[in-house]
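Here are my notes on this model, as numbered points. Please read them with the structure open.

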Amino acid sequence: MQKKKIEKFYKEYLSVKENNLKKWSKDFFTSLLLDKNVFFISLKNPVEGYLIGRKTLDEYEVLSLATDINKRRRGIGTVLLEKLVKMAKQEKIQRILLEVSENNSAAICMYEKAGFKTISKRRNYYNEGKKFNDAYVMEKNLVKYA
Ligand SMILES: CC(C)(COP(=O)(O)OP(=O)(O)OC[C@H]1O[C@@H](n2cnc3c(N)ncnc32)[C@H](O)[C@@H]1OP(=O)(O)O)[C@@H](O)C(=O)NCCC(=O)NCCS
């Protein structure tokens, strides 16, 4: 991806207001997006949410997804996932994978509604404050549910 495009995406990424989530640095974001398999999806005017994903062979992985804190529960996260699934089907992707903290019930509900299923658990995956929390690995199988 061209550096100019990455800069535009970084501005969009920063413009999505989140609560206490620490945003990635420009250097980290740039190095990630320079990988030709990494993509950025956003809902625009103004930017209300974004999704960063990576393609590996016939799989997609969701690396990050967030919607603006002032615009939650309006279906924006779901629309981002719908866009991802549409793209995945066009690219003949077999499954979409992601990790989510066991404490993140909002995100877990959203993913379940979008057809994701928990397939495994990673112990002590997230360092959240002083505690380590497990992560659920969730999958949407596009072959089975296509
Ligand atoms: C998780 C997140 C992306 C959801 O975005 P959103 O735009 O609010 O999601 P939607 O409006 O599409 O919600 C879809 C469904 O998810 C569930 N959901 C979303 N937020 C919820 C909440 N706070 N509590 C309970 N269920 C919730 C609901 O079932 C909802 O459907 P409904 O509103 O019809 O009941 C958003 O809360 C967010 O950005 N959180 C911080 C970042 C994060 O946790 N990202 C996920 C990392 S894996």
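Which pattern does the protein follow, read along the sequence? The points below start there.

1. **Basis.** This is a predicted model: local features need pLDDT of at least 70, side-chain atom pairs count only at pLDDT 80 or more, and totals for chains, interfaces and linings use all residues. Residue numbers start from 1 along each chain, as its sequence is written.

2. **Element order.** The pattern is α-α-β-β-β-α-β-α-β-β. That gives 4 helices and 6 strands. Both kinds of element are DSSP runs, numbered from the N terminus: helices are H or I with at least four residues, strands are E with at least two.

3. **Overall dimensions.** The protein has a radius of gyration of 15 Å, which agrees with the value near 15 Å for a compact globule, because it has 146 residues. The radius is taken over C-alpha atoms, and the globule rule is 2.2 Å times the number of residues to the power 0.38. Along the principal axes, the C-alpha trace spans about 40 × 40 × 30 Å.

4. **Burial and contacts.** Buried residues are 23% of the 146. Buried means that 20 or more other C-beta atoms, placed from the backbone, lie within 10 Å of the residue's own. Of the contacts between residues at least 6 apart in sequence, 57% join residues at least 24 apart. A contact needs C-beta atoms, placed from the backbone, within 7 Å.

5. **β1 with β2.** Strands β1 (residues 38-43) and β2 (residues 49-56) run antiparallel, joined by 6 bridges. Pairing requires at least two DSSP bridges between the strands. Phe 40 stands opposite Ile 52 in β2. The hairpin has 5 residues between the strands, and Asn 45 takes a positive phi near 60°.

6. **β2 with β3.** This pair is also antiparallel, over 8 bridges. Thr 56 faces Glu 59 in β3. Here the hairpin has 2 residues between the strands, and Leu 57 in the turn has a positive phi of about 50°.

7. **Ligand shell.** How many residues surround the ligand? There are 20, and the closest are Arg 72, Gly 77, Thr 78, Ala 106 and Met 110. β3 (59-67), α3 (76-90), β4 (95-101) and α4 (105-113) each supply at least two shell residues. The largest share, 6 residues, comes from α4.

8. The shell divides into 9 nonpolar, 6 polar and 5 charged residues. Ala, Val, Leu, Ile, Met, Phe, Trp, Tyr, Cys and Pro count as nonpolar; Asp, Glu, Lys and Arg as charged; the others, Gly among them, as polar.

Definitions and conventions. Near = placed C-beta within 6 Å. Buried ≥ 20, exposed ≤ 12 C-beta atoms within 10 Å, placed from the backbone. Contact = placed C-beta atoms within 7 Å.
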